[in-house]
Amino acid sequence: MASPAASEVYVIDASDRSHAVEALWREIDLSSLDGKAVAVKANFNSDDPFPATTHPDMLEAILSQVRDAGARSVVLGERSGMGKTARVLKNRGAAGVAARVGAEVRVLDSLPVEGWEAIPPDGLHWERGFLVARLFREADAVVQTCCLKTHRFGGHVSLSLKNTVGAVAARNPGDGYNYMAELHSSPHQRRMVAEISRFCPCDVAVMDATEGFSTGGPERGSRIAPNVILASTDRVALDAAGIALLRHYGSTPEVMQGRIFAMDTVSRAAQLGVGVKSAGDLRLVALDSESKNLVLDMRRILDETA
């Protein structure tokens with residue numbers, strides 16, 4: 001059972017993304033975006049269609065909600081890990097969506113040194129620390145949208161916490177140090193992912209689980225179709241719910257085994273105060289009858305691994 005101070009994860013049928021995002025927005029109540037500079041982090045790691053990357057309809061729904069909530073400015077910031085960012089954003093329809101909605105697109109790969117904030121390595125698993133785009137550190141609010149997928153290159157899952165890797169510099173623009181080579185070769189990769197989220201704020205994260213990858217990932221894998229969208233102000237709670245959803249469908253051994261809150265990324269993020277510390281601190285809320293049975297099974301999975 002959830003504690004009285006639980007973080008909520010809202011779940012809704014995804015048949016109409018625009019309607020679903022609007023309903024989630026009302027539930028979370030982001031009316032506080034009025035007059036604010038908002039940074040948006042989507043998932044455009046590669047030049048592959050949804051569920052590898054953010055669906056254009058989801059991006060348009062998110063950007064439109066931010067704009068309609070009275071944001072002073074809306075900036076979509078992105079760095080692709082597999083492919084040229086500008087090309088990925090164009091080919092995946094993100095650049096066109098942003099132009100249509102009136103949002104600015106910022107390709108993080110081209111940021112100068114002063115566009116990044118250096119996070120020191122103190123207490124972290126990063127040898128030299130890392131660089132986070134100031135766009136996300138200095139925005140009045142940060143909105144994220146991620147996908148539901150596994151990650152075969154050591155991350156195990158690629159959900160909201162992993163999505164934040166795209167807010168970090170691949171290389172230091174000053175001396176060329178390769179942060180991503182360090183990340184992907186480290187035995188602490190999943191803990192390092194969590195440590196990024198400690199220094200990259202997020203006011204709300206929306207997970208598009210209309211479809212997902214239950215194995216493989218991040219750019220291709222075995223497809224599942226939960227047909228739901230999840231949202232929370234707590235990325236740890238959201239990722240724990242996402243892992244429960246993957247377990248519901250059957251996933252990789254790394255995803256299926258053990259306690260969800262003992263998994264490296266979830267555990268480290270909880271330890272750092274990014275979100276809730278246990279399944280008992282997480283409340284799943286079905287916003288419609290279509291998602292109710294799925295939510296009940298996700299709750300059962302969370303309770304069994306608490």
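Author: What follows is a conversation about the pockets, cavities, helix packing and backbone of this structure. The model is predicted, so local features need pLDDT of at least 70 and side-chain atom pairs count only at pLDDT 80 or more, while totals for chains, interfaces and linings use all residues. Residues are numbered from 1 along each chain as its sequence is written, and side-chain values use heavy atoms, with hydrogens and water left out.

Reader: What does UniProt list for residues 38-243?
Author: The UniProt record, an unreviewed entry, lists "domain: DUF362" there. UniProt positions are given in the numbering used here, feature names are shortened, and annotations may be inferred rather than shown by experiment.

Reader: And how much helix and strand is in residues 38-243?
Author: Over that stretch the chain is 31% helix and 28% strand, and the end C-alpha atoms are 28 Å apart. Helices (H or I, at least four residues) and strands (E, at least two) are DSSP runs, numbered from the N terminus.

Reader: What is the volume of the largest pocket?
Author: The largest pocket has about 320 Å³. On a 1 Å grid over the protein atoms alone, a pocket is an open set of points with protein on both sides within 12 Å along at least five of seven lines, whereas a cavity is a set where a 1.4 Å probe fits but cannot get out; lining residues have an atom within 4 Å of a point. Grid points are joined across faces, edges and corners, and a volume is the space filled by probe spheres set on the points.

Reader: Which lining residues are closest to the centre of the largest pocket?
Author: Of its 20 lining residues, N45, G81, K162, V165 and H184 are the closest to the centre. The elements giving two or more residues to this lining are β7 (141-151), α6 (160-163) and α7 (179-185). By type, the lining has six nonpolar, nine polar and five charged residues. Here Ala, Val, Leu, Ile, Met, Phe, Trp, Tyr, Cys and Pro count as nonpolar, Asp, Glu, Lys and Arg as charged, and the others, Gly among them, as polar.

Reader: How many cavities of 30 Å³ or more are there?
Author: There are two. The largest cavity holds about 50 Å³ of space, and its lining includes G155, K162, D239 and T265. Helices α6, α9 and α11 (264-271) each give two or more residues to that lining. The second largest cavity has a volume of about 40 Å³; among the residues lining it are K41, F136, C200, C202 and R235. Its lining divides into six nonpolar, two polar and two charged residues.

Reader: Changing topic, how do α9 and α12 cross?
Author: The axes of α9 (residues 235-249) and α12 (residues 289-304) come within 9 Å and cross at roughly 100°. That makes α9 roughly perpendicular to α12. Axes are lines fitted to C-alpha atoms, for helices over the stretch in contact, and angles run from 0 to 180 degrees between N-to-C directions. Angles of 65 to 115 degrees count as roughly perpendicular, under 35 as roughly parallel, over 145 as roughly antiparallel and the rest as oblique.

Reader: Which residues make the contact?
Author: Helix α9 contributes A240, A241, A244, L245, R247 and H248, and α12 contributes L294, D297, M298, I301 and L302. Contact means heavy atoms within 4.5 Å.

Reader: Where are the cis peptide bonds of P51 and P218?
Author: The bond from F50 to P51 is cis, with omega near 10°, and P51 lies in the loop between β2 (37-41) and α2 (56-68). The bond joining G217 and P218 is also cis, with omega about 10°; P218 is in the loop between β9 (204-216) and β10 (221-224).
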